[in-house]
Amino acid sequence: MPQPEDGADGEQGRDYEAMTDNFTLSLGGLQVRWGTPGEHRAEVFLDGDLDNLSVPVLREALDALYSQGCFEIRLDLAGLAFTDSSGLGAMVGAWRRCQREGGTVSVVNPSPSVRRLMDMTGISKLLLAPT
């Protein structure tokens, strides 16, 4: 399991509990950040490119949250410049896993290009958080 970053400053998600420990994983052009979940909820921030090379980083981050009983996950894609079908597949896989456990995955702040891909594939109906 990833270790907390040194000097974590406790960022806070909108309705999510304050993150007391911050975690980061990086591979290729992707960085995934999240905090210790509160009330079985977590917000995960993706920065860079989510593709075939970097999908394992997202899966590892999600597995760390699942192992803590966290199945209410918000993926903040504000920093995600690109995703391909493997990235969309990883997000849908996370949604399915959380649904089986009584939770959900939602996506917020996708870039126009990522949103367009989500719309074209129909995935936005499953994942996009209501605005």
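Arg74 is buried, with a relative accessible area of 9%. Buried here means under 20%, so Arg74 qualifies at 9%. The residue lies in strand β4. Its C-alpha atom is separated by 7.1 Å from that of Val108, although Arg74 and Val108 are 34 residues apart along the chain. All of this describes a predicted model.

## The sheet

Strand β4 belongs to an open sheet of 5 strands. Their order is β1-β2-β3-β4-β5, and the pairing is mixed. Which strands stand at the edges? They are β1 (22-27) and β5 (104-108). Each has a single partner strand, so one side of each is left without a neighbour in the sheet. From one strand to the next, the twist averages 20°.

Now take β3 and β4. Strand β3 covers residues 41-50, and strand β4 covers residues 72-83. The two run parallel and are joined by 9 bridges. Take Ala42 as an example: its bridge partner in β4 is Ile73.

## Helices on the sheet

Helix α3, residues 112-121, packs on the sheet. This helix touches β4 and β5. Its direction makes about 115° with that of β4.

Helix α1 spans residues 55-66. It lies across β1, β2 (30-35), β3 and β4. Helix α1 runs at about 10° to β2.

## Charged pairs

Side chains of opposite charge can pair when their charged atoms come close. How many salt bridges does a search of the whole structure find? The search finds 2.

One of them joins Arg33 and Asp47, whose closest N and O atoms are 3.3 Å apart. This pair links distant parts of the chain. Arg33 is in strand β2, Asp47 is in strand β3, and 14 residues separate them. Is Arg33 buried or partly exposed? Arg33 is partly exposed, with a relative accessible area of 22%. Asp47 is partly exposed too, with a value of 25%.

Asp119 forms a salt bridge with Arg115. Here the closest N and O atoms are 3.0 Å apart. Both residues sit in helix α3. They are 4 residues apart, which means that about one helical turn separates them. Asp119 counts as partly exposed at 39% relative accessibility. Arg115 also counts as partly exposed, at 35%.

## Aromatic pairs

A pair of aromatic rings is described by the distance of the centres and the angle of the planes. The structure holds 2 such pairs. Their values are set out below.

| Aromatic pair | Centre to centre | Angle between planes |
|---|---|---|
| Phe23 and Trp34 | 5.6 Å | 20° |
| Tyr66 and Phe71 | 5.5 Å | 10° |

Why do these count as stacked? Planes under 30 degrees apart count as stacked.

Where do Phe23 and Trp34 lie? Phe23 is in strand β1 and Trp34 is in strand β2. The pair therefore ties together parts that are 11 residues apart in sequence. Phe23 and Trp34 are both buried.

The other pair is buried too. Tyr66 has a relative accessible area of 10% and is buried. Phe71 counts as buried at 13% relative accessibility.

Technical notes:
Residues are numbered from 1 along each chain as its sequence is written. This is a predicted model: local features need pLDDT of at least 70, side-chain atom pairs count only at pLDDT 80 or more; totals for chains, interfaces and linings use all residues. Side-chain values use heavy atoms; hydrogens and water are left out. Two strands pair if DSSP finds at least two bridges between them. Axes are lines fitted to C-alpha atoms, for helices over the stretch in contact, and angles run from 0 to 180 degrees between N-to-C directions. Contact means heavy atoms within 4.5 Å. A salt bridge is a side-chain nitrogen of Lys or Arg within 4 Å of a carboxyl oxygen of Asp or Glu. Buried means under 20% relative accessible area, exposed over 50%, partly exposed in between (1.4 Å probe, protein chains only). Rings of Phe, Tyr and Trp (its six-membered ring) pair if their centres lie within 6.5 Å; planes under 30 degrees apart count as stacked, over 60 as edge-to-face and the rest as tilted.
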